[in-house]
Amino acid sequence: MGNLLEVSHLRVAFRREGREIVPVRDVSFAVPEHGRVALVGESGCGKSLTALSLAGLPPIDRASVSGTIAFNAPADRPQARLAYVFQNPVESLNPVMRIRDQIREALPKGMDRKAGDARIVELLARTGLPDPVRAATSYPCELSGGQQQRAMIAMALAAEPALLVADEPTTALDVTTQREVLELIDSLAAETGMAVLLITHNLGLVAGRMDEVNVMYAGTIVESGPVVEVLAKPRHPYTRGLLAAVPALDAPRDAPLADIPGTVPPPDAWPSGCAFAPRCACAQDRCRREMPPETRADARRVACFAQ
């Protein structure tokens, strides 16, 4: 089994008031066929821009992009594509179009209207909507947030993708609906064989759900490897901080939540050396002067002097 997606040394730059801003500096990762891969990091680390770069979606059309992005369609499905599910369906769905008309745009070309209507209802039923016929004729405002996200997933499935890019797909949903949506994506991936690239800020969501994880900070990947290994023994201080910030179910109710001091710097103010050094308890003078090189050990990659 080969790689469905290969991203190598991706760099995304914008021009702003005569200056070059580089929110994605050097990103490399792969998604195997039928694989489940996560891209994890705080807001502002460049995760969404990386995801949008895969298909050149706005605002990437206004950026200078270098590096390589290779989408290798399966030999038995040469027309297979990638599809997206974004974090806020309210912003992604057209408010003046019925759900069926929006899904119809993603159906294979040449499908007649009757067959298309049947396929749309089938897709909505597949996502677990209790009344798919009503949902198909509804406007987005007539559906709950969870139902809108299920409609978005149905739209993604209509394209029969080989890769589903799920960019923070549960951010705007309550905890119960979050779990249902993630379980739905898991089950649909198992059923259809599509690969999944999950973009999230919550390292806890990848446990038991993803195969590989890439931890991203300040426009680059600082640690990656099999989920089981990274969660069991994180090597980068940022990964350890993200993991510590995941609330423990058995923790006392009044226990304070762990956090990482400081915030992600903006792309026009990346510090020299390791970008995480200003927030890192392990940082030394060398970390502030030099960018740590990436080291590899088996399936693990990490960029840190103090590993």
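Where in the chain is I260 found? I260 sits in the loop between α9 and α10 (285-289). This is a predicted model.

**I260 and its surroundings**
- I260 counts as buried, because its relative accessibility is 14% and the cut-off for buried is under 20%.
- Setting aside neighbours within four places in sequence, I260 is in contact with Y238, G241, L242, F276 and R279.
- I260 and V133 are 127 residues apart along the chain. Their C-alpha atoms are separated by 47 Å.

**Helix α9**
- Helix α9 covers residues 237-244. Its buried residues are P237, Y238, T239, G241 and L242.
- The cover over these buried residues includes two strands, β8 (212-217) and β9 (220-226).
- β3 (36-40) and α8 (227-232) are also among the elements that cover them.
- Y238 is in contact with G41, E42, C45, V215, M216, Y217, V222, I260 and F276, leaving aside its neighbours within four places in sequence.

**Nonpolar cores**
- In soluble globular proteins, nonpolar side chains tend to be buried together.
- The largest nonpolar core here has 60 residues. Those touching the most other members are I103, L124, I153, V206, V213, Y217 and Y238.
- Helix α6 (residues 145-158) gives the most to this core: seven residues.
- A second, separate core has 29 residues, including V24, L49, L82 and Y84.

**The α6 and α7 pair**
- Two packed helices are described by the angle between their axes and the distance between the axes.
- For α6 and helix α7 (residues 175-192), the angle is about 15 degrees and the axes are 10 Å apart.
- α6 is therefore roughly parallel to α7, since angles under 35 degrees count as roughly parallel.
- The crossing of the two helices is right-handed.
- From α6, the contact uses G146, Q149, R150, I153 and L157. From α7, it uses T177, E180, V181, L184, I185 and L188.
- By class, this contact has six nonpolar, three polar and two charged residues.

**Q148 in α6**
- Q148 also lies in helix α6.
- Is Q148 buried or exposed? Q148 is buried, because its relative accessible area is 6%.
- Beyond neighbours within four places in sequence, Q148 is in contact with P89, V90, L93, P140, C141 and L143.

**Backbone exceptions**
- Most residues other than glycine have a negative phi, and most peptide bonds are trans.
- Which peptide bond is cis? The bond from P58 to P59 is cis, with omega near 10 degrees.
- P59 is in the loop between α1 (47-53) and β4 (64-71).
- H34 is not a glycine, yet has a positive phi of about 65 degrees. H34 lies in the loop between β2 (19-32) and β3.
- A218, also not a glycine, has a positive phi near 50 degrees. A218 is found in the loop between β8 and β9.
- H34 is exposed, with a relative accessible area of 51%, whereas A218 counts as buried at 0% relative accessibility.

Note on methods:
Residues are numbered from 1 along each chain as its sequence is written. This is a predicted model: local features need pLDDT of at least 70, side-chain atom pairs count only at pLDDT 80 or more; totals for chains, interfaces and linings use all residues. Side-chain values use heavy atoms; hydrogens and water are left out. Buried means under 20% relative accessible area, exposed over 50%, partly exposed in between (1.4 Å probe, protein chains only). Helices (H or I, at least four residues) and strands (E, at least two) are DSSP runs, numbered from the N terminus. Contact means heavy atoms within 4.5 Å. A nonpolar core is a set of buried Ala, Val, Leu, Ile, Met, Phe, Trp, Tyr and Cys residues joined through side-chain atoms within 4.5 Å. Axes are lines fitted to C-alpha atoms, for helices over the stretch in contact, and angles run from 0 to 180 degrees between N-to-C directions. Angles under 35 degrees count as roughly parallel, over 145 as roughly antiparallel, 65 to 115 as roughly perpendicular and the rest as oblique. A crossing is left-handed if the near helix is turned anticlockwise from the far one by less than a right angle, and right-handed if clockwise. Ala, Val, Leu, Ile, Met, Phe, Trp, Tyr, Cys and Pro count as nonpolar, Asp, Glu, Lys and Arg as charged, and the others, Gly among them, as polar.
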